[in-house]
Amino acid sequence: MAQTPTSPSRLSRLAPAGTLLSLLACYGTLAVVGALSLMGITIAVNVHVWAGAIVVFALIAVFGVTVGYRRHRILGPVIIAVIGAMFVTLAMYGSEQIQAVLGFPSLIVEIAGFVALVAAAIWDLRLTKVAQMAE
């Protein structure tokens, strides 16, 4: 089945989907565990699997932005997405180093990484739509 110029390809949805899944894996899991603990239900979450899922989804977002680059040829979203994923990964696996070197909580680096991922995904989505309209 041929795609019309206005229909987005499946790969163009990777950047926003990966970003959203990364955010949900991070803060959604935290919210669910917190809500359950308020109800008296305790569950154990393997923090290594949790952090791994967050990083994998962030890398999927970077891949999605990179796929968008092939269509619009603007490198800015890719650079921002890579920086965002690096910040998220550093916050997941290097929180002690962030605290020791920079002197502030890793949460700030984590939030900056997610903001960069969201910005890159939105920018890429807009550029992809403009490129589709130009075709």
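**Close-up views of a predicted helical model**

**View A. Surroundings of Ala81.** Ala81 touches Val62, Val65, Leu117 and Ala120, leaving aside residues up to four places away in sequence (contact: heavy atoms within 4.5 Å). The model is predicted: local features need pLDDT of at least 70 and side-chain atom pairs pLDDT 80 or more, while totals for chains, interfaces and linings use all residues. Residues are numbered from 1 along each chain as its sequence is written, and side-chain values use heavy atoms, without hydrogens and water.

**View B. The largest nonpolar core.** Ala81 is also among the members of this 19-residue core that touch the most other members, together with Ile54, Val65, Val88, Met92, Phe114 and Leu117. Such a core consists of buried Ala, Val, Leu, Ile, Met, Phe, Trp, Tyr and Cys residues joined through side-chain atoms within 4.5 Å; buried means under 20% relative accessible area (1.4 Å probe, protein chains only). Two or more residues each come from helices H1 (14–38), H2 (47–72), H3 (76–93) and H5 (106–134). H2 gives the largest share, seven residues. Helices are DSSP runs (H or I, at least four residues), numbered from the N terminus.

**View C. Ends and cover of helix H2.** Asn46 caps the N-terminal end of H2, with a side-chain oxygen 3.0 Å from the backbone nitrogen of His48. Just after H2, Arg73 adopts a positive phi of about 60 degrees. The cover over the buried residues of H2 includes H1, H3 and H5.

**View D. Thr128 in helix H5.** Thr128 lies in H5 and is buried, at 6% relative accessible area. Its side chain reaches the backbone oxygen of Asp124 at 2.8 Å. Thr128 touches Ser12, Gly68, Arg71 and His72, again leaving aside residues up to four places away in sequence.

Methods: Buried means under 20% relative accessible area, exposed over 50%, partly exposed in between (1.4 Å probe, protein chains only). A polar contact is a pair of N or O atoms within 3.5 Å; within protein, one must be able to donate a hydrogen and the other to accept it, and residues adjacent in sequence count only if both atoms are side-chain atoms.
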